[in-house]
Amino acid sequence: MTTMHKRLIAGLALAALAVTASAPAAAQARKDSVVLGMVLEPAPGLDPTIAAAAASGQVVHYNVLEGLMKIHMDGSVTPLLAESYSIDPDGKVYTFKLRRGVKYHDGEAFDASDVKFSFERAKAEGSTNKAKKAVFDNISRIETPDPYTVILVLNNADGNFLFRMGENTAVILDPKSAPTTASKPIGTGPFKFENWAKGSSVTLSKFDGYRNANAIKLKKVTFRFISDPAAQVAALLAGDIDAFPQFQSPQSLKQFQDDPRFSVTIGGTEGKTIVTINNKRKPFDDVRVRRAIAAAVDRKAIVDGAQEGYGAAIGSHMVPADAGYVDLTGVNPHNPEKARALLKEAGVQTPLNVTLTLPPPTYARKGGEIVAAQLAKVGVNAKIENVEFAQWLSGPFKGNFDLTIISHVEPLDFDRYGDPNYYYGYDSKAYRDLLAKYNSTADTKTRLKILGDIQRQLANDCVNAYMFQLPQFAVGNKKLKGLWSSSPIFANDMSAVSWQ
């Protein structure tokens, strides 16, 4: 090899190192734009009022679409499209005073008629809004005495109602643009929808007509969809993305913690990560079989093996940060011997062949392999079926499954267990009575007591095998400020994000 060739190769190697080392700095040079990584692409669209997937809200909520209230990173709730509110003493009448002069991205004016339209749409027969039964069916009357006043009259008092008004299921749409929200959302938020490159990314741009436009530092936000953990690491290191708020490669955290170009935060989410059991399908309609599945599952081994030790064990459908949380991990503890005995008692012949359907996130794919190995030890052969998230929504989420693993990230979503048609297939009058009692009780102390009974009922009926709270790993360029480090709801609020 000639000296010139050696120098050329050495120069190329140094150039490659320089590019790798300076990539995040180059990304930061953009100053007025940001590229965020996301695990899942929204499915089936960008309208969170009709879609079940959390990914829709992660793109549009608080950025493009807004509601009456706003939930902050610490879980507190303040007015957003509402300017103020009052609650009658019986907890059944909420009066909202609306902001004036608010415009939608297409120039339409926002007023009380939009709130009435949006909530009646959510209540309507055939509505697929996932909060329909818990929230909107509880609204008995919507009054709009003037263009900037909305009065909501509830059938039953709901101590969580203001929080519900801050969730993405309660965003306010304009009647004119509502039908096309799934493909082209138009809202009142600080960013407007620009483009959706299917399979790749969604781009938003700053809305200059926003009521507080001067406070918005970014001109462009791009959400790139990268489900593969190795590809997430590579994209961050290359500077192709500036941050990954729900990073999926816990085994790579140390690499970023040791790299001065990046910041790493570990927070909590509302994600209840569970082995979902189809309660309608035999033999899982027998509580003993469900308890056998739960007894086979070793929570600690899953958290250690799939999550690098991050994730608090749970025993019912709430997380430790929730008010009223009860630690019920002792109700269905890991006990393979008991699992085998329960299967025998239920008359199940082993090996029992089942299908374990796994969506893309690491907690599901990696955790699922561990769960399958644990089930095999008690005589349950779980055939793993890996699916994309759209397939998961059209399969397991429609009730077509034996077992699956998913993290339910919506806060206070224990109400879903009151719906026999929900994909769990859980049908319990006792539980529905408890839920009705909770919803009709205004006293905080009594509500918390009922919450404890609700959690105990789910644990004792072993509706699902409850595993752990999904942690949030946020990795990003250390000069990017303002991203959420914990998620009381799954949102990427870009209104306060800026480069420093």
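## Exercises on a predicted model

T144 is partly exposed, with a relative accessible area of 31%; here buried means under 20%, exposed over 50%, and partly exposed in between (1.4 Å probe, protein chains only). The model is predicted, so to speak of local features pLDDT must be at least 70, side-chain atom pairs count only at pLDDT 80 or more, and totals for chains, interfaces and linings use all residues. Residues are numbered from 1 along each chain as its sequence is written, and side-chain values use heavy atoms, with hydrogens and water left out.

### Exercise 1: around T144

Find the strand that holds T144 and list the contacts of T144 beyond its sequence neighbours.

*Solution.* 
- Start with the strand: T144 belongs to β6, residues 139-146. Helices (H or I, at least four residues) and strands (E, at least two) are DSSP runs, numbered from the N terminus.
- Next, set aside neighbours within four places in sequence; T144 then contacts A112, K116, T149 and V150, where contact means heavy atoms within 4.5 Å.

### Exercise 2: strand β13 and its partners

Work out which strands pair with β13, and in which sense.

*Solution.* 
- Look at burial: five of the seven residues of β13 (residues 352-358) are buried.
- Take β14 (residues 380-386): seven bridges link this strand to β13 in the parallel sense. Two strands pair if DSSP finds at least two bridges between them.
- Follow the chain from β13 through helix α10 (residues 362-376) to β14: this β-α-β crossover is right-handed, meaning that, with the strands pointing away from the viewer, the path from the first strand over the helix to the second runs clockwise.
- Turn to β15 (residues 403-408), which runs parallel to β13 and is joined to it by two bridges.
- Finish with L356: its bridge partner is I384 in β14 and L403 in β15.

### Exercise 3: enclosed space

How many cavities of 30 Å³ or more does a search of the whole structure find, and what lines the largest cavity?

*Solution.* 
- Count: the search finds two. On a 1 Å grid over the protein atoms alone, a cavity is a set of points where a 1.4 Å probe fits but cannot get out, and lining residues have an atom within 4 Å of a point.
- Volume is the space filled by probe spheres set on the points, which are joined across faces, edges and corners.
- Lining: 17 residues line the largest cavity, with K130, E167, N168, E410 and P411 nearest its centre.

Definitions and conventions:
1 Å grid on protein atoms, 1.4 Å probe; cavity = no way out; pocket = protein on both sides within 12 Å on 5 of 7 lines; lining within 4 Å.
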